[in-house]
Amino acid sequence: MCLDPASEVWHGMELAGLEVTTVQGTSVEGVCPAPQPFFIGGVHGRTGTSVVKRLLCSHPQVSAVSGGETRMLEAISELWPILDADVGYTPGAASAALAGFSGHVRETLGDTPEVQAALECLFAGLGARTVRLVGRPRLPLPSPMSSRELAPLFAAFLTSVFRAAALDPSRPFLCEKTPSNAQYVRRLRLLMPECRVVVMARHPVHVALSHTRRDWGPPDPVEAAAYTAAYFRSWRDVALDDDRVVMVRHERLVAEPRQVLDEVRAFLQLPPDTDWLDQASAEIQPSQDRTASLPDKRLAEMHAELAEEIEYYGYRAPAGAW
């Protein structure tokens with residue numbers, strides 16, 4: 001098994017003759033310990049994840065993962081069941097899926113020697129060997145494994161590949177932001193039980209309207225409301241009673257920027273920094289309210305489509321005729 005002794009310590013679970021469960025940062029002969037990662041996600045896109053990432057990464061102890069939104073938790077969660085001998089393993093599907101995952105990692109994080117080394121370690125742990133299946137090019141064929149075996153392999157991979165892609169690996173904290181991270185908290189708990197997650201939420205109607213301004217979103221407000229409702233419901237299905245996950249409302253961040261940012265800082269266990277807090281708080285601006293441009297009838301239809309989510313997340317429809 002491939003392991004960087006300068007940045008990871010494996011312990012606790014038997015795997016291929018080794019004792020492995022989790023990956024922890026350490027320091028050997030002056031080598032910087034692996035940064036402590038944390039994740040930012042959203043109940044849906046357009047909830048303020050980009051703003052929060054930018055402000056947290058301006059903290060002097062925090063670096064960002066390069067490559068923007070890596071979708072790494074999403075990609076691992078899609079690959080996992082295809083490799084799992086107890087779920088859906090077949091040689092052809094596993095080989096193609098692992099090759100696709102490798103391509104995603106290199107495209108997103110960069111095809112650097114460090115990223116390639118992290119992939120090679122993962123391939124070695126998966127027992128992957130290069131084969132030619134009938135009618136296909138040469139691809140890596142992993143061995144079938146159980147979830148118990150896959151968890152420490154992907155935990156070590158996340159630690160090493162994020163460190164390889166850190167903009168400043170000398171900083172002790174490392175931030176990765178992808179809105180879909182919020183959908184994969186259960187998977188993250190298998191990989192990094194102590195890792196902390198910030199989940200952004202915003203009034204569902206405002207989220208839906210923001211999607212009508214994007215090429216990939218439904219242009220019709222009511223269709224966008226239905227699209228948004230599905231994502232808000234999916235978060236309800238995966239939400240955990242977990243003290244390592246905090247939900248931050250976009251509206252409260254705008255109304256009380258200093259207090260909310262300091263609460264998030266403390267939750268992430270970042271050291272206090274008054275200069276950072278002053279500057280970050282000053283950068284938060286109110287969002288544009290696009291509901292005023294809608295006819296009352298259309299706005300009422302949006303509220304009707306999102307009524308359950310508005311109530312569940314503690315928002316209220318504005319007073320009005322509807």
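Me: Leaving aside neighbours within four places in sequence, which residues is Trp-235 in contact with?
Reply: Contact means heavy atoms within 4.5 Å. Trp-235 then touches Val-43, Ala-182, Gln-183, Val-185, Val-199, Val-245, Met-247 and Tyr-313. This is a predicted model, where local features need pLDDT of at least 70, side-chain atom pairs count only at pLDDT 80 or more, and totals for chains, interfaces and linings use all residues. Residues are numbered from 1 along each chain as its sequence is written, and side-chain values use heavy atoms, with hydrogens and water left out.

Me: How many residues does the largest nonpolar core have?
Reply: A nonpolar core is a set of buried Ala, Val, Leu, Ile, Met, Phe, Trp, Tyr and Cys residues joined through side-chain atoms within 4.5 Å. Buried means under 20% relative accessible area (1.4 Å probe, protein chains only). Here the largest core has 63 residues. Those with the most contacts inside it are Met-72, Phe-101, Val-105, Phe-154, Phe-157 and Trp-235. A second, separate core has 24 residues, including Leu-55 and Cys-175.

Me: At what angle do helix 3 and helix 4 pack?
Reply: Two packed helices are described by the angle between their axes and the distance between the axes. Axes are lines fitted to C-alpha atoms, for helices over the stretch in contact, and angles run from 0 to 180 degrees between N-to-C directions. Helices are DSSP runs (H or I, at least four residues), numbered from the N terminus. Helix 3 (residues 91–109) and helix 4 (residues 113–125) pack at about 160 degrees, axes 10 Å apart. They are therefore roughly antiparallel (an angle over 145 degrees).

Me: Which residues of helix 4 make the contact?
Reply: Val-115, Gln-116, Leu-119, Leu-122 and Phe-123. Helix 3 brings residues including Phe-101 and Val-105.

Technical notes:
Buried means under 20% relative accessible area, exposed over 50%, partly exposed in between (1.4 Å probe, protein chains only). Helices (H or I, at least four residues) and strands (E, at least two) are DSSP runs, numbered from the N terminus. Angles under 35 degrees count as roughly parallel, over 145 as roughly antiparallel, 65 to 115 as roughly perpendicular and the rest as oblique.
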